[in-house]
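Dear colleague,

Here is the structure I said I would pass on to you.

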Amino acid sequence: MTKDVSIERVRNVGVMAHIDAGKTTTTERILFFTGRRHKIGEVHNGEAAMDWMIQEQERGITITSAATTAYWRNYRINIIDTPGHVDFTAEVERSLRVLDGTVALFCAVGGVQPQAETVWRQAEKYNVPIIAFVNKMDRTGADFERVVEEIREELGANAVPIVIPIGAEAEFAGIIDLVDMQAVYYDDSADGQGASIRVEPIPEDMKETARQAELRMIERISEQDDGLMDKFIEGIAPEREEVIRAIRKATIDGRFVPVLCGAAFKNKGIRRLLDAIVDYLPSPLDLPPIIGACSETDKELIRKPSDEAPLAALAFKVQSDRHMGKLTYVRVYSGVLTSSAQIYNSTRDKMQRVGRLFEMHANDREAVDALHTGHVGAVVGLADTRTGDTLSSREHPILLESIEFPAPVIGVAVAPASREDRDKLSVALHRLAEEDPTFIVRSDAETKEVVISGMGELHLEIIVDRLRREFGVEVTAGQPQVAYRETILATVDHEYKHVKQTGGRGQYAHMIFRIEPTKPGSGFQFEDEISGGKITREYLNAIKRGILEVMAEGPYAGYPMVDLKVTILDGTMHEVDSSEQAFRACGKFGFREACLRAGLELLEPMMSVEVTAADSFTGPITGSLCSKRGRIVSMDSKAGATILRGRVPLAEMFGYASELRSLTSGRGTFTMHFEHYESVPYALSEELVKARKDEKK
């Protein structure tokens with residue numbers, strides 16, 4: 001299957017969308033029409049190639065991003081199919097970090113849904129060019145124009161159709177290609193696989209609609225291209241190649257989003273989507289060179305996408321494989337990664353030996369001798385490499401920007417079911433934590449429990465299921481625990497002196513400092529305004545370590561502290577009695593005292609919740625959310641259903657799926673994702689603090 005193609009004929013593309021918009025179904029059709037698979041696998045039958053995990057097949061959802069390679073018109077397309085469920089947003093984050101372009105899928109009925117907006121913003125963060133594909137045009141309630149308008153209004157994108165549908169819902173028969181101005185019909189009766197298409201002139205009853213749509217497309221793309229604008233003003237029709245070139249340039253620059261449509265399940269619109277990927281999304285050469293820093297001097301370095309340049313690759317995913325051991329997924333930005341080579345992990349300052357190299361096809365693999373610039377593949381043998389690490393040559397070290405991941409918001413205590421499971425549990429949890437940066441394992445020193453934390457109930461449910469099936473570890477899991485946080489209420493200037501005399505050498509440390517709250521999400525900031533070397537750098541670092549020790553288990557209820565700033569204003573040292581230990585203790589006890597003076601409050605994760613149900617259930621749903629300390633933010637109607645959006649504390653949302661089924665006779669659906677941390681009401685926080693202290697006794 002592997003073919004040698006030049007780098008300008010390489011496309012690294014992701015498929016992203018809200019859950020159940022049809023990402024995996026679309027990818028399956030791409031694999032079929034490119035000849036990668038000879039049989040279409042359906043998600044509902046558990047046969048989709050990209051959903052290879054048993055948990056994905058059972059639930060009919062994508063959990064882990066899967067990579068594959070296909071060829072279309074002699075172009076190499078490296079595809080990553082990403083999850084839509086918010087609990088697995090880290091899979092989208094790390095995929096977008098290494099992709100050159102992406103296909104954003106939208107349901108023709110649901111339009112711009114919450115997770116679609118989330119992944120769109122993630123793509124914008126990494127400046128990834130986007131093509132939009134409106135899927136499920138055959139569904140009842142499908143409305144292409146409404147979805148395009150939502151993309152413009154809700155996502156702020158310059159979304160312009162380059163095809164329009166012929167019919168909708170059960171009457172969806174094909175598309176009109178506005179670039180070629182011809183109608184493409186899909187024959188449902190021919191072979192059941194959509195292989196039979198007819199290209200015909202545009203039907204008479206749609207000629208005016210198509211002409212107006214073509215005019216709008218030319219006008220919108222002319223706004224991005226001076227040459228086309230001159231022709232547009234003069235009324236001269238541009239050449240086909242000029243239009244394609246202008247759309248491609250504006251798409252790569254992020255100023256234009258081509259919109260296509262189809263029905264992936266019925267195999268309609270997929271080949272035109274493949275053409276658009278090739279025609280409008282960038283090759284590695286079309287994007288700016290990757291910028292990194294010299295790992296030894298912090299000087300900015302640029303790597304051009306060329307096999308002749310020094311090696312620069314990013315490890316974006318780690319996966320445990322029962323047959324191969326540890327697989328590390330990498331994107332090669334420059335140079336060539338060869339099997340058996342000695343490479344330098346510049347993030348961890350370690351030399352490592354590459355074992356075998358593979359091109360991945362979901363859970364299948366094809367051995368290769370090298371991964372060239374622009375390629376995505378997997379490496380065996382990099383035992384000390386983690387997600388976000390940079391791989392380079394020792395002679396030309398470079399450090400690429402790592403990947404940021406959201407912090408877990410929910411935890412659960414797990415315990416081995418038997419003594420023989422105890423050792424296996426620690427090994428299994430370590431391997432799972434290596435794979436997933438949003439999965440955190442910690443031991444509670446006081447309760448002696450192992451607590452695993454993740455992005456949601458489904459995330460942790462999948463982890464526990466994998467422990468049992470993949471690693472053969474039987475565990476018992478407790479009730480979900482909310483990841484509360486603590487912060488301070490006011491700005492306080494404080495002075496603390498740590499003095500101890502024990503007969504011999506004593507301990508002396510003195511500091512004057514300020515603590516102040518900062519805006520939500522800003523984390524911890526540490527600064528010093530000391531002049532004249534009154535406290536040395538090593539002692540300032542010791543103070544910081546002492547403060548971080550307290551912040552790990554806050555003084556209010558023992559939860560981690562966030563969103564505050566500490567500024568060291570002044571202090572003194574003793575030439576004999578001062579030490580790192582003394583200043584660490586000074587930072588620890590002084591910071592605790594200052595926090596108690598400033599006042600403390602408990603913070604809880606607030607979730608953005610969207611509930612969709614028939615109009616008749618609006619009242620009960622609103623009442624249910626308000627009873628959970630929720631706030632209704634907006635209420636809309638779409639395709640005969642009411643959509644309620646609100647903010648609700650995570651602590652109140654456990655088991656809501658069952659409650660919603662009961663309220664709506666099984667006809668309501670909801671999505672939920674983390675929004676921000678917010679203060680817990682005082683009376684409730686006092687109860688939580690008391691319960692926390694009782695738990696630790």
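Helix H4 passes helix H5 in a right-handed crossing, where right-handed means that the near helix is turned clockwise from the far one by less than a right angle, and left-handed that it is turned anticlockwise. On the H4 side the contact is made by Glu117, Trp120, Arg121 and Glu124, and on the H5 side by Ile151, Glu154 and Leu155, contact being defined as heavy atoms within 4.5 Å. Sorted by class, these residues comprise three nonpolar, no polar and four charged ones; here Ala, Val, Leu, Ile, Met, Phe, Trp, Tyr, Cys and Pro count as nonpolar, Asp, Glu, Lys and Arg as charged, and the others, Gly among them, as polar. H4 covers residues 114–125 and H5 residues 144–155, and their axes come within 12 Å and cross at roughly 60° (axes are lines fitted to C-alpha atoms, for helices over the stretch in contact, and angles run from 0 to 180 degrees between N-to-C directions). The two helices are therefore oblique to each other, given that angles under 35 degrees count as roughly parallel, over 145 as roughly antiparallel, 65 to 115 as roughly perpendicular and the rest as oblique. Helices (H or I, at least four residues) and strands (E, at least two) are DSSP runs, numbered from the N terminus.

Please keep in mind that this is a predicted model, in which local features need pLDDT of at least 70 and side-chain atom pairs count only at pLDDT 80 or more, while totals for chains, interfaces and linings use all residues. Residues are numbered from 1 along each chain as its sequence is written, and side-chain values use heavy atoms, with hydrogens and water left out.

Turning to the cysteines, a search of the whole structure finds zero disulfides, a disulfide being a pair of cysteine sulfur atoms within 2.5 Å. For Cys107, the nearest cysteine sulfur is that of Cys261, 13 Å away, and Cys107 counts as buried at 7% relative accessibility (buried means under 20% relative accessible area, exposed over 50%, and partly exposed in between, with a 1.4 Å probe and protein chains only). The sulfur of Cys586 is 14 Å from the closest cysteine sulfur, in Cys595, and this is too far for a bond; Cys586 is likewise buried, at 0% relative accessibility.

Ile202 lies in the loop between strand S10 (197–200) and helix H6 (207–222), and is buried with a relative accessible area of 10%. Ile202 and Met181 are 21 residues apart in sequence, yet 7.3 Å apart in space, C-alpha to C-alpha. Not counting residues up to four places away in sequence, Ile202 touches Ile176, Met181, Gln182, Ala183, Lys207 and Ala210.

Finally, there are two backbone angles to look at. Arg73 has a positive phi of about 55° although it is not a glycine; this residue is in the loop between strand S2 (66–72) and strand S3 (75–81), and at 40% relative accessibility it counts as partly exposed. Asp349 also has a positive phi, near 55°, and lies in the loop between strand S17 (342–345) and strand S18 (350–353), where it is exposed, with a relative accessible area of 53%.
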